[in-house]
Amino acid sequence: MPEPRYWLFKSEPSSYSYDDLQSENDQTAEWDGVRNYQARNFMRDDMRVGDYVLFYHSNAKPPGVIGTARIVRESYPDDTAWDSNSRYYDPKSDPANPTWLMVDIKAETRLPRFVSLNELKANQSLADMQVIKRGQRLSIQPVTLEEWAEVLAMADRPEP
DNA sequence: GCCAACGTTGGC
DNA sequence: GCCAACGTTGGC
């Protein structure tokens, strides 16, 4: 697989929305709480400063892409794993050899309009995009340049 | 609220 | 190492 440079990050807006990201200092947040090995490996092995992110609202009505962001810090230990008060606490993660990592992302632009999952599914050129596939639960997914460009182009066109 | 899909856990 | 049970995700 070629080295990905474009990503889709899922977040439930009821717990952390694009508005929340834009409200942060410098519109930048630690992307903590990732507890899936495949998603962690993407952060550890493939994600670099400057990579592009589609910010996706999952478990929303409707779900879809709301804005873009950039990677501004490469992977480093997720310290919520050692915080027994955190919902992401994982006592099996050894501070000397951390199991879980996070990156920092910075909000870039809110899309001119929200692009819903239904619209993504209806677009034939996005047929291979992971997020439209049934049962795809990964919270961090690679996106191709073509998919990235198409989603942004959709947001520039009127709602169909 | 339902439930399919899928990752993780743990008994064996 | 297998796999049933369980918990979570997330669309609908």
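By class, how many nonpolar, polar and charged residues does the surface near DNA strand B have? There are one nonpolar, two polar and two charged residues. By name, the residues around DNA strand B are Asn36, Tyr37, Arg134, Gly135 and Arg137. Before I go further, please note that this is a predicted model.

Now the other strand. DNA strand C has Lys10, Ser58, Asn59, Pro63, Leu117, Arg137 and Ser139 around it. Sorted by class, that surface has two nonpolar, three polar and two charged residues. Arg137 is listed around DNA strand B and also around DNA strand C.

Next, the annotation. The UniProt record, an unreviewed entry, carries "domain: EVE" over residues 5-154. Across residues 5-154 the chain is 21% helix and 33% strand.

On to the core. In general, nonpolar side chains in soluble globular proteins tend to be buried together. Here the largest nonpolar core has 36 residues. Phe9, Met43, Val53, Leu54, Phe55 and Ile105 touch the most other members. At least two core residues come from each of the following: strand S1 (6-11), helix H1 (18-23), helix H2 (37-46), strand S3 (52-57), strand S4 (64-77), strand S5 (101-116), strand S6 (140-143) and helix H4 (145-156). S5 supplies the largest share, six residues.

Take Leu54 as a case. Beyond four places in sequence, Leu54 touches Leu8, Val65, Thr68, Val143, Trp148 and Val151.

Tyr52 is in strand S3. Is Tyr52 exposed, partly exposed or buried? Tyr52 is partly exposed, because 18 other C-beta atoms lie within 10 Å, and a buried residue needs 20 or more. Leaving aside neighbours within four places, Tyr52 is in contact with Arg5, Tyr6, Trp7, Thr68, Arg70 and Trp148. Thr68 and Trp148 are also among the residues that Leu54 touches. Between Tyr52 and Ile105, 53 residues apart along the chain, the C-alpha separation is 9.4 Å.

Now helix H2. Its buried residues are Ala39, Phe42 and Met43. Why do they count as being on the same side of H2? Because they cover an arc of only 95 degrees around the axis. What covers the buried residues of H2 includes S4, S5 and S6.

Two buried positions in strands come next. Met102 is in strand S5. Met102 counts as buried because it has 23 C-beta neighbours inside 10 Å. Its contacts, again leaving aside neighbours within four places in sequence, are Glu30, Trp31, Asp32, Val34, Ser75, Tyr76 and Asp78. Met102 and Arg5 are 97 residues apart in sequence, and their C-alpha atoms are 17 Å apart in space.

Gly64 sits in strand S4. Gly64 is buried, with 20 other C-beta atoms within 10 Å. Not counting residues up to four places away, Gly64 touches Tyr56, His57, Phe114, Val115, Ser116 and Leu117. Of these, Leu117 is also one of the residues around DNA strand C.

Last, the backbone. In general, most residues other than glycine have a negative phi, and most peptide bonds are trans. Where are the exceptions I want to show? A cis peptide bond joins Lys61 and Pro62, with omega about -5 degrees. Pro62 is in the loop between S3 and S4. That loop between S3 and S4 also holds Asn59, which has a positive phi of about 50 degrees although it is not a glycine. Asn59 is exposed, with 11 other C-beta atoms within 10 Å, and Asn59 is among the residues around DNA strand C.

Gln27 also has a positive phi, near 55 degrees. Gln27 is in the loop between H1 and strand S2 (28-30). With 15 C-beta neighbours inside 10 Å, Gln27 counts as partly exposed.

That is the end of the tour.

Note on methods. Residues are numbered from 1 along each chain as its sequence is written. Chains are lettered from A and ligands numbered from 1 in the order in which they are written. This is a predicted model: local features need pLDDT of at least 70, side-chain atom pairs count only at pLDDT 80 or more; totals for chains, interfaces and linings use all residues. A nonpolar core is a set of buried Ala, Val, Leu, Ile, Met, Phe, Trp, Tyr and Cys residues joined through C-beta atoms within 7 Å. A residue is buried if 20 or more other C-beta atoms lie within 10 Å of its own, exposed if 12 or fewer, and partly exposed in between; C-beta atoms are placed from the backbone. Helices (H or I, at least four residues) and strands (E, at least two) are DSSP runs, numbered from the N terminus. Two residues are in contact if their C-beta atoms, placed from the backbone, lie within 7 Å. A residue is near a molecule or strand if its C-beta atom, placed from the backbone, lies within 6 Å of it. Ala, Val, Leu, Ile, Met, Phe, Trp, Tyr, Cys and Pro count as nonpolar, Asp, Glu, Lys and Arg as charged, and the others, Gly among them, as polar. The arc is that of the directions from the helix axis to the C-beta atoms. UniProt positions are given in the numbering used here, feature names are shortened, and annotations may be inferred rather than shown by experiment.
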